[in-house]
Amino acid sequence: MQEKDLLTIKDLDVNFYTYEGVVEALDHVNLSLKDGETLGLVGETGCGKSVTSLSVLVLVPSPGKIQGGSIVVNSPNGQRDVLTLDEAAMRKIRGEEISMIFQDPRSALNPVYNVEDQIGEVFMQHRMEELNEEALQQIKKDLAESNNAFKKFFLRYQEGIYAKAVSNPKALSLKVISRIPVLNRYKNKVKQEVRKDVVRLLGLMKIPDPERVVDMFPHELSGGMAQRVVIAMALSCNPGLLIADEPTTNLDVTIQAQILILIRELKEKFKSSVLYITHDLGVVAELCDRVAVMYAGNVAEIAYVEELFKNPLHPYTQALLESIPRPGKKFSSIEGEVPSLIKPPKGCRFNPRCQKATALCSTEKPALVEVDKDHFVMCHLFR
């Protein structure tokens, strides 16, 4: 793996322990994401795309369990294997260093809180020091402009508290003041700064009239607007890695195109790397730099997008590309079904559906090998 890899997943195994048996969801997955790139993760439903992304955040739902491997993240805070961190450390990473845009914005938003509350919570959790500094500067500006003696007295009181919050945010005096109803009104200044930042961020999402939308609840938002709010939440702390889990699945075609353009523009603005999960190869061609093709919990092929479309090597990748409807070309579907991962096929998991399978394919799992520069394939045809 290269030194500039932002994310390195090595030999990742994830199982789900169900009443029917053990589902071997991920089987020694190896993947890397370069700094500043958009990597597409593509494959059929149930191939392990979303489980891979949730593993990066250590959020695999029960009864799932990460059985082995490593997920190393390089960030300004250093190089760390997230699978070795405790929950407190992961809470600092989620949202601040790694964020996720979920597939269904309705399930990602709390129906009883408005937009300001939900995006503002992320600011309060991860950017409190910055907010205190913004509030202090605003107070100093108000002091310079005010001629009212009583207002100046109150502003100086606030200035003293925020100066303390900036220099020593864990001071005991701040904790005491925060618990006294009359005195803790100083927090209103931070809330004002949060609102300004939320409105600004909604504007970056190209949401019309953000000053009005900031007070709206999820049920008042259209599907496209709700997805933009979820994207705003994900980008609120300028994360180095943005995971987008099929963010346009439930939207109409016009809104899908707008969201894809928005993600591309925001990636450049915020200098984030993107792991884009999709089943749509058209989206991959439009948005991604490299692409990893997954099948039944394995990474079958990794290459730059142009290379993959011009020279697909794995039989599954070839079958996927042939199944895309194109004018003047006969439609060809992939024969067979995705195997049960409770008892996955031995050897290569694609071998029961593969037109090029040999006896070796059903007994021995192939390794992921580099066939050409930056073009990796997991297939016995390229040993």
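## Exercise 1: A salt bridge and its neighbours

Glutamate 24 and arginine 349 form a salt bridge whose closest N and O atoms are 3.3 Å apart. Here a salt bridge is a side-chain nitrogen of Lys or Arg within 4 Å of a carboxyl oxygen of Asp or Glu. The model is predicted, so local features need pLDDT of at least 70 and side-chain atom pairs count only at pLDDT 80 or more, while totals for chains, interfaces and linings use all residues. Residues are numbered from 1 along each chain as its sequence is written, and side-chain values use heavy atoms, with hydrogens and water left out.

**Solution.** 
1. Start with location: glutamate 24 is in strand β2 (residues 22-34), and arginine 349 is in the loop between α14 (315-322) and β11 (368-372), 325 residues apart. Helices (H or I, at least four residues) and strands (E, at least two) are DSSP runs, numbered from the N terminus.
2. Next, check the cover. Glutamate 24 is partly exposed, because its relative accessible area is 32%, whereas arginine 349 counts as buried at 4% relative accessibility. The classes are buried under 20% relative accessible area, exposed over 50%, and partly exposed in between (1.4 Å probe, protein chains only).
3. Look for a further partner: arginine 349 also forms a salt bridge with aspartate 27, with closest N and O atoms 3.9 Å apart. Aspartate 27 is in strand β2 and arginine 349 in the loop between α14 and β11, so this pair ties together parts 322 residues apart in sequence.

## Exercise 2: The whole protein

**Task.** Describe the protein's overall make-up.

**Solution.** 
1. Its secondary structure comes to 14 helices and twelve strands.
2. The C-alpha trace spans about 90 × 45 × 45 Å along its principal axes.
3. Of the 383 residues, 50% are buried.
4. A search of the whole structure finds 19 salt bridges.
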